[in-house]
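Here are my notes from a browse through this model.

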Amino acid sequence: MKIFNTLSRTKEEFIPLEEGKVKMYVCGPTVYNFIHIGNARPMIVFDTVRRYFEYKGYEVNFVSNFTDVDDKIIKKAIEEGVDADTISQRYIAECKKDMQGMNVKPATVHPQATQEICGMLDMIGDLIEKGHAYVAKDGTVYFRTGSFKEYGKLSHKNLEDLRSGFRELKVTGEEDKEDPTDFVLWKPKKEGEPYWESPWCQGRPGWHIECSVMSRKYLGESIDIHAGGEDLIFPHHENEIAQSEAANGKPFAAYWMHNAFLNIDNRKMSKSLGNFFTVREISEKYDLQVLRFFMLSAHYRSPLNFSADLMEASKNGLERIRTAVERLNDGLKTASAGSMTGAEKELAAEVKGFVGKYEAAMDDDFNTADAIAAVFELVKLGNSTSSGESSREYLTLVKETIERLCDVLGIITETKKEALDSEIEEMIAMRQQARKDKNFALADEIRGKLLSMGILLEDTREGVKWKRA
Ligand code: AMP
Ligand code: ZN
């Protein structure tokens, strides 16, 4: 298997640190609102990477965090007159529903920054002791970039160039920095903000330290893969490397993977530009499987432009696969019980060939676009079978191969049966009961299940209302 490593800017053969195992960390979202479909790209892409490793027989330990302490969360909390925790817990729950709707598997662990402050204090203390960090007059702790010889190795930036760039960009309140490229590990609290006690000042962590700490805690000092969107290369991932390697004295991650942006009108989709669609909005128009199919129709390192046309094409593509599987299922009802005929044996060899093509594509830095092309070859083969004349053995082979290869992409091949109103009402009643019993996990699960069936719930004063997406 070959993976494009941002560190070396080349495709490298994947060699796990421990045989048969993959330790993988993906930077997760900052939870102050519903996630947008740009945030969904790394979720879908790296979930697919995980699924492919599992298909290949690896045991994957997959960690993805929620950043639940941040300026934007605090701002939103102030706007709503609630505490920051209320905001982050709400949007973590909403994010998990969207993930379920997109068929993104839950991570092995989803740590939250606010639950890991102790570990952060330990690592920051250790960095100070080792001379890699220092405390300014106001209690801010900075990482001393000059103390880490390899600073810049991921983003391929030179410390001197960075210095001159940063000098222009004077940040108020950071005048005590020894060097303009030094970055914050811990900062003093501001009025009305959440804070924690520390040996340096009452305050809160900088953004980068959480990932170094959580990655070490849940995966160990050295991991196989660290991933995220390409905007994280600098400064976030560069700073994570500096913190982790300075603290642990060991290489942090062997492979760094970054997805390209999801754009709209050829500009990055982002909250700050206001040019975004939330996953929830998309779910009102499309089955979220269409969104997943759309994301995987391009290679993860290629920019992808969101458009209604491409979504329609994805919808049609997905339908073609589902119709083929349905047809094969129907064929199986009347198929002859016998084993494959000579002609079918030849076609079975073709099936094997397409599986080979699929694996070759995925082995080549997870080329999902080519992998999907191989699935379509199988669909073509499936559609050319004639009902009543094919053997059960052959039809089963084609059907199960399509299903298995789609499952690795997280694509559900089963055609959704339109749920009956009575079934929906029954599930809503179960959810209401779960809420009454304060079993919010079950209530959320039912809501997520309904969402994946294309049913949207709205809690109103008059009770729960629902509509089909
Ligand atoms: P954030 O909540 O901004 O920290 O983003 C969470 C994840 O989504 C990070 O891995 C980002 O790189 C990624 N991301 C944000 N916007 C986009 C986009 N338009 N396209 C692809 N990835 C994105
Ligand atoms: Zn991170």
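I began with Arg9, which is exposed at a relative accessible area of 52%; buried means under 20%, exposed over 50%, and partly exposed in between, with a 1.4 Å probe and protein chains only. Arg9 sits in the loop between strand S1 (2–5) and strand S2 (10–13), where helices (H or I, at least four residues) and strands (E, at least two) are DSSP runs numbered from the N terminus. Its phi is positive, about 55 degrees, although Arg9 is not a glycine.

I then looked up Lys438, which has a positive phi near 60 degrees. Lys438 lies in the loop between helix H14 (421–436) and helix H15 (440–452), and is exposed with a relative accessible area of 63%. I also checked the peptide bond from Phe234 to Pro235, which is cis with omega near 5 degrees; Pro235 belongs to helix H7 (residues 233–248). Most residues other than glycine have a negative phi, and most peptide bonds are trans.

**Ground rules.** This is a predicted model, in which local features need pLDDT of at least 70 and side-chain atom pairs pLDDT 80 or more, while totals for chains, interfaces and linings use all residues. Residues are numbered from 1 along each chain as its sequence is written, chains are lettered from A and ligands numbered from 1 in the order written, and side-chain values use heavy atoms, without hydrogens and water.

**Zinc entry.** Which residues coordinate the zinc ion (ligand 2)? I found Cys27 (SG), Cys211 (SG), His236 (NE2) and Glu240 (OE), at 2.0 to 2.5 Å; donors are N, O and S atoms within 2.8 Å of the metal (3.2 Å for Na, K and Ca), and water is not among the atoms, so sites may look incomplete. Cys27 lies in the loop between strand S3 (21–26) and H1, and Cys211 in helix H6 (residues 209–219), so the pair ties together parts 184 residues apart in sequence. Cys27 is buried at 11% relative accessible area, and Cys211 is buried at 1%.

**Ligand 1 entry.** I checked polar contacts, meaning pairs of N or O atoms within 3.5 Å. An oxygen atom of ligand 1 is 2.4 Å from an N or O atom in the side chain of Asp231. A nitrogen atom of ligand 1 is 3.4 Å from an N or O atom in the side chain of Asn259, and a nitrogen atom is 3.1 Å from a polar backbone atom of Gly38.

Terms used
A polar contact is a pair of N or O atoms within 3.5 Å; within protein, one must be able to donate a hydrogen and the other to accept it, and residues adjacent in sequence count only if both atoms are side-chain atoms.
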